[in-house]
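Please find below a colleague's note on a protein chain, written for a reader new to structural work. The sequence and the structure are shown first.

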Amino acid sequence: MVDNRYATALVIGSVLSLLASVYLSVAVGTQHWYQYRSPPPSNDANNGSDLQKLREDFMGEDVMEVQYSEALFRINGSLGLWWRCILMSKPDYKVVSECKAFTLAQQFEVKSKHPNNSSSEEDFLRTALWRCRFVFPLVSLGLVFLAALVGVCACLCRSLTPTLFVGLLHLLAGLCSLATVCCFLAGVDLLHQVLEWPEGVASSLGWSLYLALVSFPLQMMAAALFIWAARSHRKNYTRITAYRVA
């Protein structure tokens, strides 16, 4: 039999884990991690052709980092883990969001210390951050899925002992979620240091990043509840067994 306190802790922990997984999944699949607000474009014909050229390069498959970054700066871009988007004005004055997914090769590409120079040496820190911010959320979701499988096995076996392992998996998943946000922000900050910003461009954090950030404390609270339930139940079971033997 499982005490009501432990059962309540397991239910609350499961709900928190589910919410954290949903938040992180939505964050990974959306592109509003970082947003740029560009000044209104001038009516100069050359400026219009430049923006059109940026848009065409932005939607290309093998576009370089410096090219799509300039488009993000100048055309109200938004950046995510898997997506990059710009806001384009149509002839009928409608504003349409045009998005392009990062290819797998772009997710693991080598970053240069000077993106404007194709022969520049590799920036190991930016390369590691760029790759980690793609891998860590997948690892986090994988750990939560593994924890769910272990939890189902624990229910079938009618034992709280595996719950300690479930709590540790959620702890690692929470750390991966936090590492995702940290790697993304550090990588964006380093990119801004090596690229020249157009005048008048403003930037801000997007709601997708906040969703990923919220998933971290939810996973940590779920981990704490699972670990507490497992350890407390084990202590009580040991005491009851010792009392019966005595």
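The numbered points below treat the sheet, the core, the salt bridges, the surface and the annotated regions in turn.

1. The model is predicted. The points that follow should be read with this in mind.

2. The sheet. Five strands make up an open sheet, and their order is E4-E3-E2-E1-E5 with antiparallel pairing. Strand E4 (95-101) and strand E5 (202-205) lie at the edges and have a single partner strand each, so one side of each is left without a neighbour in the sheet. Within the sheet, strand E1 (residues 34-37) pairs with strand E2 (residues 78-79) in the antiparallel sense, over two bridges. In this part of the sheet, Tyr34 is found opposite Leu79 in E2.

3. The nonpolar core. The largest nonpolar core holds 31 residues, of which Trp33 and Phe184 touch the most other members. Two or more residues each come from helix H1 (4-29), E1, helix H2 (45-58), helix H3 (65-74), strand E3 (83-89), H6 and helix H7 (207-245). The element that gives the most to this core is H3, with five residues.

4. Side chains of opposite charge can pair when their charged atoms come close. The count of salt bridges in the model comes to seven. One of them joins Arg55 to Glu98, with the closest N and O atoms 2.8 Å apart. This pair links distant parts of the chain, since Arg55 is in helix H2 and Glu98 in strand E4, 43 residues apart. Arg55 has a relative accessible area of 22% and is therefore partly exposed, because the range for this class begins where buried, under 20%, ends. Glu98, at 10% relative accessibility, counts as buried.

5. Salt bridges around Glu65. Which residues are linked with Glu65 in a network of salt bridges? The network consists of Glu65, Glu109, Lys111, Asp123 and Arg126. Glu65 forms a salt bridge with Lys111, where the closest N and O atoms are 3.3 Å apart. Glu65 lies in helix H3 and Lys111 in the loop between helix H4 (104-107) and H5, so this pair ties together parts 46 residues apart in sequence. Glu65 also meets Arg126 in a salt bridge (3.0 Å, N to O). Because Arg126 lies in helix H5 and Glu65 in helix H3, that pair ties together parts that are 61 residues apart in sequence. Both Glu65 and Lys111 are buried, and Arg126 counts as buried at 4% relative accessibility.

6. The nonpolar surface patch. Phe145, Leu146, Leu149, Phe165 and Leu168 form a nonpolar patch on the surface, and together they have about 480 Å² of accessible area. Helix H5 (124-157) and helix H6 (163-194) are the elements that give two or more residues to the patch. H5 gives the most, with three residues. Is Phe145 buried or exposed? Phe145, which is placed in helix H5, has 56% relative accessibility and so counts as exposed.

7. The record. An unreviewed UniProt entry carries the annotation "transmembrane region" for residues 134-157, 164-187 and 207-230. In the model, residues 164-187 are 100% helix and 0% strand, with the end C-alpha atoms 35 Å apart. Residues 207-230 are likewise 100% helix and 0% strand, and their end C-alpha atoms are 35 Å apart.

Key. Residues are numbered from 1 along each chain as its sequence is written. This is a predicted model: local features need pLDDT of at least 70, side-chain atom pairs count only at pLDDT 80 or more; totals for chains, interfaces and linings use all residues. Side-chain values use heavy atoms; hydrogens and water are left out. Patches are made of residues with over 30% relative accessible area and no salt bridge: like charges are joined within 9 Å, nonpolar side chains (Val, Leu, Ile, Met, Phe, Trp, Tyr) within 5 Å. Accessible areas come from the Shrake-Rupley method with a 1.4 Å probe; for residues, only the protein chains shown count as cover. A salt bridge is a side-chain nitrogen of Lys or Arg within 4 Å of a carboxyl oxygen of Asp or Glu. Helices (H or I, at least four residues) and strands (E, at least two) are DSSP runs, numbered from the N terminus. Buried means under 20% relative accessible area, exposed over 50%, partly exposed in between (1.4 Å probe, protein chains only). UniProt positions are given in the numbering used here, feature names are shortened, and annotations may be inferred rather than shown by experiment. Two strands pair if DSSP finds at least two bridges between them. A nonpolar core is a set of buried Ala, Val, Leu, Ile, Met, Phe, Trp, Tyr and Cys residues joined through side-chain atoms within 4.5 Å.
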